[in-house]
Amino acid sequence: MPRSPGVPTPDELETRITELRAAVRRAMAAGDRRAARALRADLRRAEQAWDDAVLGGPATHDDGERGLLPVREQVHQALTLLGVPAAPKLIGAVYAAFFTGEIPGSRLTSLRRDEERSFRTAPYARPYYLCVALTADLLAPARGLLTVSTWPLERRVVGPLSPRTDFLTAAVRLAEHAGRGTPSPGVQRLLWRFASNIPGATTGTVGTADPAVLAEAARAELDVHREPDRRHREAAAARARDRLDDAERLFGSRLRAVRASGRHPAIDGETDR
């Protein structure tokens with residue numbers, strides 16, 4: 001369903017959350033506890049609004065059980081939480097850990113084709129489309145990586161450093177979200193998978209990860225890679241805007257990749273996190 005006028009998007013809420021966190025730190029540093037308390041209250045409301053926007057209200061049947069969302073909405077929820085291009089395996093793991101239910105793997109294989117067919121039949125008829133990431137070199141579909149059409153093109157392009165920066169970005173986002181409450185065993189297992197691949201993110205207890213420690217370690221490494229990755233993605237996104245039509249910017253163009261390289265398109269950028 002289209003978003004109601006005046007209702008902030010998850011991206012807008014994330015920006016607001018970041019601003020409020022910085023404001024809380026400034027107020028505490030200045031010794032203004034009254035302002036800090038008021039800002040923390042605003043921060044909690046913004047975080048709750050983000051949860052509502054991403055997680056949504058539970059759809060219930062008469063027996064009280066949660067109803068199943070369409071697969072594309074399940075994938076959209078998981079991708080919105082991750083905030084980066086992701087492989088179906090990771091999308092399924094995130095949904096199973098943070099949401100109720102599982103995403104059938106068999107449906108994901110045809111989902112991208114269904115989305116592309118729908119867009120080409122009636123462009124922009126839906127509020128969003130689940131599309132592919134584009135390789136920075138050939139602007140071709142990055143095999144096995146799904147994104148959301150409403151994301152900036154720079155976020156949907158993947159270059160040489162993007163798999164690592166996206167992994168670290170996802171770790172930060174999942175850890176911050178998990179840190180707002182008490183992580184379930186499923187969330188703990190997922191956080192551990194991230195922490196075990198990030199220096200300084202583990203706390204010594206195998207199978208569990210402290211969300212705050214994980215987020216801090218991921219941010220520290222992300223600071224090293226973020227800027228060169230951003231420059232590479234921005235350059236590729238500029239070429240995509242200049243060379244590709246609307247559908248190709250969402251789903252890529254294998255024909256253009258062949259013509260540009262003079263060989264069969266070797267689709268890179270594959271990850272299976």
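**Close-up views of a predicted model**

**View A. The Gln 188 side chain meets the backbone of Ala 209.** A polar atom of the Gln 188 side chain lies 2.8 Å from the backbone nitrogen of Ala 209. The model is predicted. Gln 188 belongs to helix 8, residues 185–195. Is Gln 188 buried or exposed? With a relative accessible area of 17%, Gln 188 is buried, because the cut-off for buried is under 20%. Beyond its neighbours within four places in sequence, Gln 188 is in contact with Pro 183, Gly 207, Thr 208 and Ala 209.

**View B. Val 75 and Phe 98 in the largest nonpolar core.** This core has 51 residues. Val 75 and Phe 98 touch the most other members. Helix 7, residues 162–178, gives the most to this core: eight residues. A second core is separate and holds ten residues, among them Leu 134, Leu 153, Ala 240 and Leu 244. In soluble globular proteins, nonpolar side chains tend to be buried together.

**View C. The surroundings of Phe 98.** Neighbours within four places in sequence are left aside here. Phe 98 then contacts Leu 81, Leu 174, His 177, Ala 178, Val 187 and Leu 190.

**View D. An edge-to-face pair, Phe 119 and Tyr 129.** The structure holds five aromatic pairs. In this one, the ring centres of Phe 119 and Tyr 129 are 5.1 Å apart, with 90° between the planes. Phe 119 lies in helix 5 (residues 105–121), and Tyr 129 in the loop between helix 5 and strand 1 (130–135), so the pair ties together parts ten residues apart in sequence. Phe 119 counts as buried at 3% relative accessibility. Tyr 129 counts as buried at 1%.

**View E. A stacked pair, Phe 167 and Phe 194.** The centre-to-centre distance of Phe 167 and Phe 194 is 4.8 Å, and the planes are 20° apart. Phe 167 sits in helix 7 and Phe 194 in helix 8, so the pair ties together parts that are 27 residues apart in sequence. Both Phe 167 and Phe 194 are buried.

**View F. A cluster of aromatic rings.** Which residues do ring pairs link into a cluster? They are Phe 119, Tyr 124, Tyr 129 and Phe 251. The edge-to-face pair of Phe 119 and Tyr 129 is shown in View D.

**View G. Arg 155 over the ring of Trp 151.** The charged end of Arg 155 sits over this ring, 4.8 Å from the ring centre.

Terms used: Residues are numbered from 1 along each chain as its sequence is written. This is a predicted model: local features need pLDDT of at least 70, side-chain atom pairs count only at pLDDT 80 or more; totals for chains, interfaces and linings use all residues. Side-chain values use heavy atoms; hydrogens and water are left out. A nonpolar core is a set of buried Ala, Val, Leu, Ile, Met, Phe, Trp, Tyr and Cys residues joined through side-chain atoms within 4.5 Å. Buried means under 20% relative accessible area, exposed over 50%, partly exposed in between (1.4 Å probe, protein chains only). Helices (H or I, at least four residues) and strands (E, at least two) are DSSP runs, numbered from the N terminus. Contact means heavy atoms within 4.5 Å. A polar contact is a pair of N or O atoms within 3.5 Å; within protein, one must be able to donate a hydrogen and the other to accept it, and residues adjacent in sequence count only if both atoms are side-chain atoms. Rings of Phe, Tyr and Trp (its six-membered ring) pair if their centres lie within 6.5 Å; planes under 30 degrees apart count as stacked, over 60 as edge-to-face and the rest as tilted. A charge sits over a ring if NZ of Lys or CZ of Arg is within 6 Å of the ring centre and within 35 degrees of the ring normal.
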